[in-house]
Number of protein chains: 2
Amino acid sequence: MNHPLRVVIVGGVAAGPKVASKVIRLCPEAEVTIVEKGKLLSYAGCGLPYYVSGVVKDQKELMCTPVGAVRDSVFFQHVKNVKVLNETEAMEVDRASRRVRVRDLLRGQESWLNYDKLVLATGAKPVVPPIPGTDLCNVFTLQGVHDAEGIRAAVAQDTARDVVIVGGGLIGVEITEALVQRGCRVTIVEMMPQILRILDPDIVRLVGQHMESHGVRVLTNTKLERIEGEESVKAVQTSGGRIAADMVVLAIGVRPNVALAEAANLEIGPTRAIKVNDRMQTSDPNIYAAGDCVECNDLMTGKPCFVPLDSTANKQGRVAAVNLCGGEDHFPGVLGSTVCKVFDFCVARTGLGESAAKDQGYDVVTAWAPAPDKAHFMPEAKLLMLKLIADRKTRKLLGVQAVGPGAGDKRIDVVAMALMAGMTVDQLANADLCYAPPFAPAMDNIITAANIVRNKIDGYMDGITPAEVHQMLEEKRDFTFLDVRSPQEYEQVRLPGSMLIPLGSLRGRLGELLKEKEVVTFCKISLRGYEAALILKAAGFNSVRVMDGGVAMWPFPKLV
Amino acid sequence: MNHPLRVVIVGGVAAGPKVASKVIRLCPEAEVTIVEKGKLLSYAGCGLPYYVSGVVKDQKELMCTPVGAVRDSVFFQHVKNVKVLNETEAMEVDRASRRVRVRDLLRGQESWLNYDKLVLATGAKPVVPPIPGTDLCNVFTLQGVHDAEGIRAAVAQDTARDVVIVGGGLIGVEITEALVQRGCRVTIVEMMPQILRILDPDIVRLVGQHMESHGVRVLTNTKLERIEGEESVKAVQTSGGRIAADMVVLAIGVRPNVALAEAANLEIGPTRAIKVNDRMQTSDPNIYAAGDCVECNDLMTGKPCFVPLDSTANKQGRVAAVNLCGGEDHFPGVLGSTVCKVFDFCVARTGLGESAAKDQGYDVVTAWAPAPDKAHFMPEAKLLMLKLIADRKTRKLLGVQAVGPGAGDKRIDVVAMALMAGMTVDQLANADLCYAPPFAPAMDNIITAANIVRNKIDGYMDGITPAEVHQMLEEKRDFTFLDVRSPQEYEQVRLPGSMLIPLGSLRGRLGELLKEKEVVTFCKISLRGYEAALILKAAGFNSVRVMDGGVAMWPFPKLV
């Protein structure tokens, strides 16, 4: 090359600006141009729910650097020496001549930009279902700042009291919380049997209960048929009936923007996102892609997956920049690590869920570990409920899910590192995690979870899930449902069909129980339940199982 | 054996009860006896500072299980089927006959207990310096509940306004905070050049500043010579002068209780704690040891270390129990993971510190990464300052230190897992940590830290520590100390000897700077500082370095 490296980046929200910044750092002489269809660039799309809720006061905050500089075109030009063409659309990639045709959306002029390296960071766009009424007033998706502005305005003008959120995924749940905080009555309409499909159904039940306790109505197995209204929305018609609504937010999911890549005959993967190698190169080695428009390698399955996340976009952007400048870096893939705030709950997961793990052929063992997230005597300790998933044969960790007010994100990140390293439950159980009463229990929650898995694999503990127990109760099966908590605890709340023998008196009251009858033991968190099961087994009881998670993780109605 | 397994456990605070509980779960028929010198057992010793501060209201809370059952002798006998001999001292181990001579401290009677397996969980005791006055009234250590009671009583009776804490280790710092919360004026007297020797000196400076902002006086390089007073303490005499005090807390450190082990000719390690293998066996295969009386394997150095912690004690107790019941489990060792609350700061570390890493022969590279611990636009985001330590040659992670109000414990635990797995900075930089604005920035703090190390190793960034810059300023060296923040930021606070050229105008104002003169750039967090350095290097400046951590981590006086 007898000219500076010319880099054209299509897309200016997350991965694009990251690529631009990093390229300039690596090759200060490079000529970098960002082409962005919208007016704004480099805003934090994942912050939009918090802008709707009012937690974030000013949309400028979403566009700032952590030190408060607004990342607009002037910022990119002056600070970064990056040329920004905003309100400009990339129309066509001419791979043979290495140029991109762009159209100035304000003036309508078209021109060609030459590149040595092209980066597609075209992102994803919300899916709009092909049903009547999506073009009515007060029907929104949540793609850009303009959507968030529209929702805010409707709420401020008091024209959005009854809101239907279509889709119970991460975005649907986040916007639900935002609108409840704004005083709206919210109904989630979800086509599938559960919301938050990133979680196992039993864990989702606990989240659903929490949402309902905040007044949210969750309708699963319910399909949106049409949106009704004249100018503005008045109701939605679903497979389960009509719901009055003066606002509808479509949060069905997002689809990668691949039109430009497809038209250029770049390879599209099975997830319908752009296929890239671990250097973030597309099928054309001079064209890179990063962010929400590409598919990733799922480190747990080795299969392609589509998991659009700002965190991933940033990492991929850096990798793309290093490689296109002549360096060598690799993006290994993702574990599916996800976290979401749901009112007072932190809801998070990484790795495989229980059924995904079974689908992969693993002999799955699960542990349910509810416990305070700090030393239990600290007043700020909060309940954290963990479900850890491992393989019986290899003892390898497969995944973990967290729900509750406690610090779940910390434990998810710990397991994410363990999954990256292919660790076993035994290694996790002896991990040297930091301890002091204001930060963790002496036996960290995740270590306790690992030990429960070990107890199960080693044959000391037979577990049964609350869902299985619930079904036994529904079917009126003949078994002893043995609560071993204290009389005071039993007084406050109890599970249907249970009988009480406090653990301390169990050894002396064995005669009250039939040895031949199946027994399911439990307590608040099923630690005493576990000890009770051991006592019963030692006393010759034939069939004793411990109910996973105890009263704390029972996701069905309790008797109060 | 034609009799049930007889297990005698000496020590009933942390590791001892853990061993007992686990043995009973594994071998319900075992005869397990705990011998405990004190009246109480199984209390959370690490909770004592929070009992002193009043955060924990009732000492019973420290003795409870997470569900509120008090772990006294009755509890152990009834619930666990474990015999407890409290107020009983183990006097002698007769290894040949496998028996322990015990003495009932109330009645003075002695007897022998036969064992098949013996467990020493004799703990550690505070070091009391051999100086006059340690027996005066209102001179305390912090070993047991009685000490905490004594301190509480003195504070309540208003006979402890001016307190001297001798020793600035973890316990000294925790009790300092507790007493400040109780309204005491506290001075820490530390013999060594710094408090909290688990941290690097530069990081400790930031902690020291925070303590001083809460009114704590920290005197380092100061040796306690004697404690003065008649009945009660009146003052302490130190190498630096006399300090009036009506209470003294000796927090110099703890020493493992090995008298029983030593008298039984069990091997004592170089740290003066009991030597055990990774099955927690002492040099006598029938005698196990766990908790604060044993030494550990340092996973970073492979050398023995003495790091007494309740979290470690619990893990070791489980390992000892599994092995003595005929199973197989291994305690691999520790990384030195530690966390401590210091007023509003979380202070934590794992792995090697900078100088320890150099001592191990590594070519050390450090990154300083101050940033909000959550998306910067979330109001609850708090500053977290990280120092990451890695090896230039292998790119392997060596350690990390965290300080600030942000969630440092999470990042320390993430790195602890990475250290266990021997990961490189490159692996950490692409880790799939969970992201949502209320929980982390899109580029997690620890990923940013890893990327800074990568930039340094790959030659893009030359760092200089604030301490080195401070020394250059002290020595009146001729260099350009270039602040590239905004004029508004410069107005609020600035560093001595610095000049301002905001990053956005730097390209146009290069003529104001001498190319031949050494330049040190910085900003608030040294990201703009890094970009400025790249601009200067590209413009032909000879010697440009970025000051690690920027204004955020400058631990010396600033100009306000």
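Buried means under 20% relative accessible area, exposed means over 50%, and partly exposed lies in between, with a 1.4 Å probe and protein chains only. This is a predicted model: local features need pLDDT of at least 70, side-chain atom pairs count only at pLDDT 80 or more, and totals for chains, interfaces and linings use all residues. Residues are numbered from 1 along each chain as its sequence is written, chains are lettered from A and ligands numbered from 1 in the order in which they are written, and side-chain values use heavy atoms, without hydrogens and water.

**View 1. Ala44(A) is a buried loop residue.** Ala44(A) has a relative accessible area of 11%, so Ala44(A) counts as buried. The residue is found in the loop between β2 (31-36) and α2 (48-53) of chain A. Helices (H or I, at least four residues) and strands (E, at least two) are DSSP runs, numbered from the N terminus. What does Ala44(A) contact, leaving aside neighbours within four places in sequence? Leu62(A) and Phe377(B). Contact means heavy atoms within 4.5 Å. Gln59(A) is 15 residues along the chain from Ala44(A), and their C-alpha atoms are separated by 9.6 Å.

**View 2. Chain A superposes on chain B.** A rotation of 180° with 0.0 Å of shift along its axis brings chain A onto chain B, with an RMSD of 0.0 Å. That is the relation of a two-fold axis. The same surface serves both copies, as 100% of the contact residues of chain A recur in chain B. The superposition is by least squares on the C-alpha atoms of residues with pLDDT of at least 70 in both copies.

**View 3. Chain A is assigned four stretches as domains 1, 2, 3 and 4.** Domain 1 covers 6-124 + 255-324, and domain 2 covers 139-252. Domain 3 is 344-457, and domain 4 is 463-553. These bounds come from an automatic or database domain assignment. The centres of domain 1 and domain 3 of chain A, taken over C-alpha atoms, are 35 Å apart. In an unreviewed entry, UniProt lists residues 475-560 of chain A as "domain: Rhodanese". UniProt positions follow the numbering used here, feature names are shortened, and annotations may be inferred rather than shown by experiment. The span 475-560 is 26% helix and 16% strand, and its end C-alpha atoms lie 23 Å apart.

**View 4. Phe479(B), Phe481(B) and Phe522(B) form tilted aromatic pairs.** The whole structure holds ten aromatic pairs over all chains. The ring centres of Phe479(B) and Phe481(B) are 5.8 Å apart and the planes are at 45°, so this pair is tilted. Rings of Phe, Tyr and Trp (its six-membered ring) pair if their centres lie within 6.5 Å; planes under 30 degrees apart count as stacked, over 60 as edge-to-face and the rest as tilted. Phe479(B) is buried at a relative accessible area of 9%. Phe481(B) is buried too, at 1%. Phe481(B) also pairs with Phe522(B), tilted at 40° between the planes and 4.6 Å centre to centre. This pair links distant parts of the chain: Phe481(B) lies in strand β27 (residues 480-483) and Phe522(B) in strand β29 (residues 519-522) of chain B, 41 residues apart. Both Phe481(B) and Phe522(B) are buried.

**View 5. Ring pairs build a cluster in chain A.** Its members are Phe479(A), Phe481(A), Phe522(A), Trp554(A) and Phe556(A).

**View 6. Charged ends sit over rings at Tyr460(A) and Trp112(B).** The charged end of Lys22(B) is over the ring of Tyr460(A), 5.9 Å from its centre. The charged end of Arg99(B) is over the ring of Trp112(B), 3.7 Å from its centre. A charge sits over a ring if NZ of Lys or CZ of Arg is within 6 Å of the ring centre and within 35 degrees of the ring normal.

**View 7. Thr88(B) is a buried strand residue.** Thr88(B) is placed in strand β4 (residues 88-94) of chain B. Its relative accessible area is 7%. Not counting residues up to four places away in sequence, Thr88(B) touches several residues, including Val35(B), Glu36(B) and Val102(B).

**View 8. Asp158(B) has a positive phi.** Phi is near 65°, in a residue other than glycine. Asp158(B) is in the loop between α5 (145-156) and β10 (162-166) of chain B. At 49% relative accessibility, Asp158(B) is partly exposed.
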